[in-house]
Amino acid sequence: MEPSALPPQGGPERPRRRGRLRTLLILPVAALALAGCTVPRFGASPGATTSSKSVFHLWQGFSIGAAIIGTLVVVLIAWSVLFHRRRGEAIPRQTQYHIPLELTYTIIPVLIVLGLFAATLVVENKEVANPKTDVVIDVNAFQWGWKFSYPGHDVVVVGQTTQDPTMVMPVDQNVRINLTSSDVVHGFYVHAFNFSRYALPGVLNQFTLRATSTGLFNGQCTQLCGLYHSLMFFRVRVVSAGQYQAWLSAQANSAAAQAAQSATNQQISSIVPTKPTKG
Amino acid sequence: MTEVLERPAPAGGHGHEEHGPTGILKWLTTTDHKVIGLSYTVTAVVMMVIGGAFAEIIRGQLSSPNGTLVSLAQYNELFTMHGSVMIYLFAGPFAFGALANIIVPIQIGAPDMAFPRLNALSYWLYLTGSITMLSGFFVAGGAANFGWVAYAPLSSSVATPGSGADLWIGGLLLTGFSAIFTGVNLCATVFYLRAPGMTMFRMPIFTWNLLVTAILILLAFPVLTAGLIMLYADRHFGTHIFSVAGGGVPVLWQNIFWFWGHPEVYILALPFFGMVTEIIAVFSKKPVFGYKGMIFATLTIGALSLGVWAHHMFTTGTVLLPFFSIMSLLIAVPTGIKMFNWIGTMWRGQIWFSTAMLMAIGFLITFLVGGLTGIYLASPPLDFFTHDTYFVVAHFHSVVMALVLGAMGGLYYWGPKITGYLLNERIGKIQFWFLFIGTQVFTLPMYLLGLRGMPRRMAIYPQHPSWQYLNDWATVGALMIGVSTILFVVNIVYSWKRYPAGDNPWDGHTLEWFTSSPPPHHNFYRLPPIRSERPTWDYNHPEHRALEHGHHEPAVDGSVK
Amino acid sequence: MRTEARVLLGLGTFFAIMDAVYWFWSKEDAGGVMIIAGTLLCFLPGLYYFWWSRRMRPRPEDDPHAEPAQGAGVVGTFPGTSIWPFTLGMASFVMVLALVFGVWLVVPGVALMFWAVVGATGESRRGGQH
């Protein structure tokens, strides 16, 4: 997975200069990554995909900055609250301006912000990059459930509300998700991937997941979608490549059973037809 | 130098209250900005209590994974109306309609708002809009239930039939026009009705913030109103602006909504920033540190606010991530300047810990938490991680609870000016501690919940019983905030006409402390000469003027006695 | 007057630059159009104030050395009390309820609004309260 420093909307890539820029920008993040085990987690976790790890390191970077600035501000407030309380009726010096000081606390935040933005760009470009695809899964959200189809394999997994449909995907492979919605806006969110994306009616949203460890992960709709929004769960099962192939063929064999289920789904999703306009 | 000259009340007023109507007719026909502002204040506080009651029910429902206090459908209505009431009917109108209406004309030495009858119309539209929106609970199908953001196509007539949604749209149309009229009124008042010598760069920060707020209202609210008309047309006139079926684009609604919605955040915040600035300066007995920097920061926030809307839409996959990311991150800079200016104002002051000042310090701490977590959300990868989870809920509740602390500070600070009577300080301080600690107990667990993956707007979480512990803490915090609101009402009742305030109880800086409490019909019988942004202070302490631009050594005459 | 113009023109100029960057970078129409509208909304009054600031003597409120007495006199005509804002508000209320409860409400709504507009205008022409 080759991260690009270019924004997706940018012009033609110039590899050498961009490469150097990327190295420069990636250094602080990489330093954090190396120190990952000693830096506090600040409530987040590294997750189970390649990009979830870089998001986690970005999170740590932002948190360190926030902790430093937050502590500084709290100490300053506490200092004046403790030591500049009213003592008698004296009137303090009526200082109103200190231009060098004001400039300092304008320029330093600007630099911090630019640093945060650079780190953001590195991780963001990794996340929205378009690497070579190994596996494609079409994910369709509807009120109130999920349909996972595996193009070319005639495999469809569908389930509503409490049925918890499971998306099976192989580990260490680039899985391209084609996300659509049949009716209203839904949110595709897997906590262990540190990632969410809207499923929009009329829009095809594409992104790539590359899981780094096997396991069963909880997913859920995060964007309010009506009455049973709270129950719109799904699961993601990350398995080895061999298990994935075995699962695919087993599913294809029981296609008849799946057909019955997808018919139910057709009935539901036909209320608002989908018309992908962007690809 | 300190001679005060009579300033005759403006002619044409004929406004001697004694000759006017009395009783209910007096209220219905008033065009006095102070009476209208007071009506706004009372209505907005009632809305806060209603929205708060919804919040308590929501927290009650979430206190166990399989809460049965309300049904799924009722829960959707409750959080929709909680958000709508708090944003549209409490925070906004309180920010630019309530205290602003009363204080801005007095701070600039004006006899009234520029368009007194338009001002009255604003109030009636706000009141009827609030009634319209809330009446959704009494129609078949219940109130609006698509969240306060009403994302298309969930807000379409297919997904959400029923007149509760239409009442929501109608209520917003009325309050939207009310806001636009108030914006026009504030701009015209500030531009045309300032007292002699009150140049733009002598206006108090509160007035400056309200001016920028008013400009933002004029930029943002028409977009919302247009969007609501489109939404209504989609629902009832068969247009397909937001529905895929007819060739429309659902994401357009999000663009329109947030183009209003993010400036709205600053429309809500800037007036409270202004209140806090005034309070901190007065109770530290110092001028606002970096007065011009403060104004520059406010204008910068206003300018940037038009270019950040799509940071609410990072996860749609349809927006230009780097542009909105850098614009949103840059907003942290002027906000940081304000924070340091507030600290600079307190620094080496003589801080008087009245209730208002405590509320302002509580604002600083709470807003710091909300502001720092906001920086995370400006970064798209971190937003993908936390979007629509309780992290976001916690973030904006930190911000708005900071604003509530600011609002309470404003009420304790300016209440005596409006009514002529002080509130009880002891009850006020107890109220502060309940509100401040309650806010932290309420928001901090929600940050952790978000990081553990709890999405917002869930009525139940049967799969994750481990979330209950943190949710229970949040519920405890919400109850503490509820107690603080009750204490506020108790304080009003207890202090009713008990502690006469006098004209200038806090040794204030600005013109409202120069006139009587409550001010006379057209606000002033006399005005001091205005030579800085602190005319009342300069008049009362001629030997303690603010040090000149760039001078930070002690004054030659020695300002400390 | 000059500061007022500068504030609005400054905001408008910033929006114009921002819009140019946004539009050519994102190729997205809705936001681009809305920022242009914001730009114009700043330029319209901004240019008006700028035009006036070049043609009028500074008002007392623009003069840092002005004395309070300079502001004495008629500031404007302020009706003491008026029933018309309330009437107009109720008319708008009825019109909005027509969106929900039936088109027939438009009839009383329009009638009430017409009455209120005529009443308010007449009151203005008389210059304040009766």
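What share of the 279 residues of chain A count as buried? The share is 40%, where buried means 20 or more other C-beta atoms, placed from the backbone, within 10 Å of a residue's own. This is a predicted model: local features need pLDDT of at least 70, side-chain atom pairs count only at pLDDT 80 or more, and totals for chains, interfaces and linings use all residues. Residues are numbered from 1 along each chain as its sequence is written, and chains are lettered from A and ligands numbered from 1 in the order in which they are written.

**Chain A fold**
- Chain A has five helices and ten strands; these are DSSP runs numbered from the N terminus, helices being H or I of at least four residues and strands E of at least two.
- An open five-strand sheet in chain A runs in the order 4-10-9-6-7, with mixed pairing; strands pair if DSSP finds at least two bridges between them.
- Its edges are strand 4 (166-170) and strand 7 of chain A.
- Strands 6 and 7 of chain A are antiparallel and joined by five bridges.
- Tyr189(A) stands opposite Ser196(A) in strand 7 of chain A.

**Contact between chains A and B**
- Chain A gives 77 residues and chain B gives 84; contact means C-beta atoms, placed from the backbone, within 7 Å.
- Helix 3 of chain A gives the most to the chain A side, with 14 residues.
- The chain A side divides into 42 nonpolar, 25 polar and ten charged residues. Nonpolar covers Ala, Val, Leu, Ile, Met, Phe, Trp, Tyr, Cys and Pro; charged covers Asp, Glu, Lys and Arg; the others, Gly among them, are polar.

**Chain B**
- Gly453(B), with a positive phi near 100 degrees, follows helix 13 of chain B.

Methods
Two residues are in contact if their C-beta atoms, placed from the backbone, lie within 7 Å. A residue is buried if 20 or more other C-beta atoms lie within 10 Å of its own, exposed if 12 or fewer, and partly exposed in between; C-beta atoms are placed from the backbone.
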